[in-house]
Every structure is written in structure tokens, then in C-alpha cells.
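Good morning, and thank you for making time for this presentation. I ask that you keep the sequence and the structure in view while I speak.

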Amino acid sequence: MSSNCHSSSKHLKNSNEKKPIEIYRFIDPLCPECWAIEPILKKLQIEYGRYFSVKHVLSGRLANLNLSKKKNYEHIAELWEKTASRSGMSCDGNLWFENPVASPYIVSIALKAAELQGRRAGIRFFRKLQEVLFLDKQNISNFVVLKECAQSLGLDVEEFISDIHSDSAAKAFQCDLKITSEMDVQEIPTLVFFNENVEDEGIKITGSYPYEVYVQILEEMLSEKPVLSPPPPLETFIKFYKFVASKEIAVVYNMSISQVEREMKKLLLKQIVEQIPAKYGTFWRYINQ
């Protein structure tokens with residue numbers, strides 16, 4: 001991979017110590033499958049996060065779609081509904097008839113602009129875009145919507161806006177496209193696992209698999225058997241992530257949806273969370289005390 005690709009991330013903070021595995025996660029904000037895999041990735045992060053760091057790479061796959069065709073809208077809407085009912089991560093296909101996303105390219109550039117404020121800012125911004133798109137049915141290529149997302153996360157909004165119009169964000173996106181083609185990533189989501197040994201090939205996983213498959217790959221790539229960290233108390237989890245689906249809680253805590261609803265009702269009564277009904281399933285928002 002060419003080194004100049006990484007120089008564009010000018011104010012990226014080196015978030016933590018070197019971990020033995022790096023996962024390249026190829027994403028697209030408009031992709032329902034990227035949304036559907038969130039519960040599994042949260043669980044992996046919580047149980048084995050000390051062994052790996054994640055680098056988000058924008059695939060640009062949906063940016064290339066000709067979204068102006070009505071027929072495409074119908075196809076995408078149908079895909080969203082199927083993914084939502086299968087995965088339990090709600091997304092509302094009606095967006096494509098009510099408030100379609102006009103320019104996926106702008107969304108990609110905005111994501112790179114957010115990332116220039118640090119890796120964590122980029123990750124949070126990506127998640128926020130997904131929530132606003134899949135649940136609130138907002139056109140995330142609308143400048144006002146992008147600005148509101150940045151604001152709600154406490155990003156430096158002026159910097160964010162100037163970065164959207166800068167070469168840095170455009171270069172960072174071009175770099176992601178280059179990595180996507182170098183690694184021959186054709187489908188989203190794709191995860192590529194690399195260990196510390198530069199000679200070793202990465203292991204590429206395309207699509208979503210049962211949780212155990214990802215754990216198995218970590219085990220194969222580490223020279224030791226990874227030690228599982230138990231999840232934090234439920235309230236701590238909600239406080240950290242701020243906004244989560246019942247499905248995400250169910251996967252992370254190995255609970256059924258009805259067990260989750262029961263536990264969350266307790267937090268609801270204590271006014272720690274509010275319940276956000278969605279087209280498929282339920283979401284919960286942490287109330288800042």
C-alpha cells in the first residue's frame with residue numbers, strides 16, 4: 001500500500017498503543033448490510049477489542065450507483081426492507097420514495113472530513129449518519145443534515161465544513177478507493193484482518209457471518225488464545241454508545257429480544273433511557289443525566 005495514502009489524515013490522533021491485529025473494515029454509509037453487521041462488530045469490540053484496531057475504508061461502491069433511476073430506488077428500497085426484517089436492524093426503504101439521497105459522493109467526503117478530527121470522531125460520525133438515514137429517513141447528502149450530525153456529536157463544525165471543501169477530505173476518499181481496488185474488495189461489508197507480520201497475507205471476509213467465525217479468525221491470527229472480556233453492565237454500555245438497538249443489546253449480552261425489552265423497561269422506569277420505536281424493532285437512547 002502506498003505510504004502517501006496515509007499522509008492525508010493530517011490531524012488523526014494516534015488513538016492507542018499498537019495492537020497485534022488491524023482490521024480494515026470496508027464501509028458505505030448507504031449500505032444496509034453495513035448497518036446489519038453492527039451488533040456483531042460491537043460484540044467483537046467489547047469481547048476482544050484489546051487485540052485489534054479498526055481502520056474504516058470507504059468503498060465508494062454505492063457512490064458509483066446511478067441513483068437517479070426510479071427503478072434503482074425501488075430495488076434499493078426492497079433491499080433495505082429485506083435486510084431490516086432479516087437482521088433486526090431497522091431501516092426504512094420508504095426513504096427512497098420520500099427523501100432520496102441525492103449525492104452519495106458528498107456523504108463520503110463528509111465522512112472523511114469528520115475523520116480528520118480523529119479516528120473516534122470518524123467512527124461516531126459514521127454511526128450517526130446510519131441512524132439519521134435508516135431510522136429518521138433523512139437525506140444525508142443534504143448539507144444542513146450533515147452539519148447537524150457534526151454538531152450533535154460535538155465536532156468542530158467550522159473545521160468540518162472547511163474540511164468538506166478541502167483537498168484533504170477528497171484525497172483521503174481517493175486513497176480509500178485505491179485501497180479498495182488494491183485489496184480487490186467487491187462487496188460490502190468486507191473485513192480484512194492483518195497481523196503484525198508484514199509477510200503474511202490478510203484474511204478477507206466478505207458479507208456477514210456468525211459471530212464465532214470472526215472469533216475463530218482472531219484466534220488463528222494471534223499467537224495466543226485470546227482472553228474474552230465480559231461485557232460491561234448494561235447501563236454502562238448504553239451510556240457509552242448513547243443510542244442502540246434491542247438487537248445490538250441482544251447480541252452483545254446473549255439475550256433474547258424479550259429479555260432485552262424487560263431489562264430496558266427497568267432503565268426506562270428509572271428515566272435512564274428513552275424508547276425509540278422503529279419500523280422493525282426498538283431502539284434506546286441514553287438520557288444525559
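Let me begin with a definition: contact, or touching, means heavy atoms within 4.5 Å. With that in hand, glutamate 263 touches Leu234 and Met255, not counting residues up to four places away in sequence.

Before going further, the basis of these values. The model is predicted, so local features need a pLDDT of at least 70 and side-chain atom pairs count only at pLDDT 80 or more, while totals for chains, interfaces and linings use all residues. Residues are numbered from 1 along each chain as its sequence is written, and side-chain values use heavy atoms, with hydrogens and water left out.

To return to glutamate 263, its place is in helix H14, residues 257–269. Helices (H or I, at least four residues) and strands (E, at least two) are DSSP runs, numbered from the N terminus. Glutamate 263 and leucine 234 are separated by 29 residues in sequence and by 8.6 Å in space, C-alpha to C-alpha. Is glutamate 263 buried, partly exposed or exposed? Its relative accessible area is 29%, and therefore it is partly exposed. Here, buried means under 20% relative accessible area, exposed over 50%, and partly exposed in between, with a 1.4 Å probe and protein chains only.

Glutamate 47 counts as buried because its relative accessibility is 6%. Leaving aside neighbours within four places in sequence, glutamate 47 is in contact with Tyr211, Val227, Leu228, Ser229 and Val252.

I turn now to the sheets. Two strands pair if DSSP finds at least two bridges between them. An open sheet of 4 strands has the order E2-E1-E3-E4, with mixed pairing. Strand E2 (52–58) and strand E4 (203–206) are at the edges and have a single partner strand each, so one side of each is left without a neighbour in the sheet. On average, and ignoring direction, neighbouring strands of this sheet are turned by 20° against each other. For angles, axes are lines fitted to C-alpha atoms, for helices over the stretch in contact, and angles run from 0 to 180 degrees between N-to-C directions.

Within this sheet, strand E1 (residues 21–27) and strand E3 (residues 190–195) run antiparallel and are joined by 6 bridges. Arginine 25 stands opposite leucine 191 in E3. Helix H11 (residues 211–221) packs on the sheet, touching E1, E2, E3 and E4, and its direction makes about 20° with that of E3. Helix H3 (residues 38–48) lies across E1, E2 and E3, running at about 150° to E2.

Which residues of H11 are buried? They are Tyr211, Tyr214, Val215, Ile217, Leu218 and Met221. These cover an arc of only 155° around the axis, so they are on the same side of H11; the arc is that of the directions from the helix axis to the C-beta atoms. The face of H11 turned away from its buried side carries the exposed residues Glu212 and Glu220. The cover over the buried residues of H11 includes E1, H3, E2, E3 and E4.

The other sheet is open and has 3 strands in the order E5-E7-E6, with antiparallel pairing. Its edge strands are strand E5 (243–245) and E6, each pairing on one side only. Strand E6 (residues 273–277) is joined to E7 by 5 bridges; glutamine 275 has tryptophan 284 in E7 as its bridge partner. The hairpin of E6 and E7 has 4 residues between the strands, and glycine 281 in this hairpin takes a positive phi near 75°.

Some backbone details deserve a remark. Most residues other than glycine have a negative phi, and most peptide bonds are trans. Lysine 137, not a glycine, has a positive phi of about 55° and lies in the loop between H7 and helix H8 (143–152). Aspartate 184, in the loop between H10 and E3, also has a positive phi, near 55°. Proline 189 has its place in the loop between helix H10 (167–182) and E3, and a cis peptide bond joins isoleucine 188 to proline 189, with omega about -5°.
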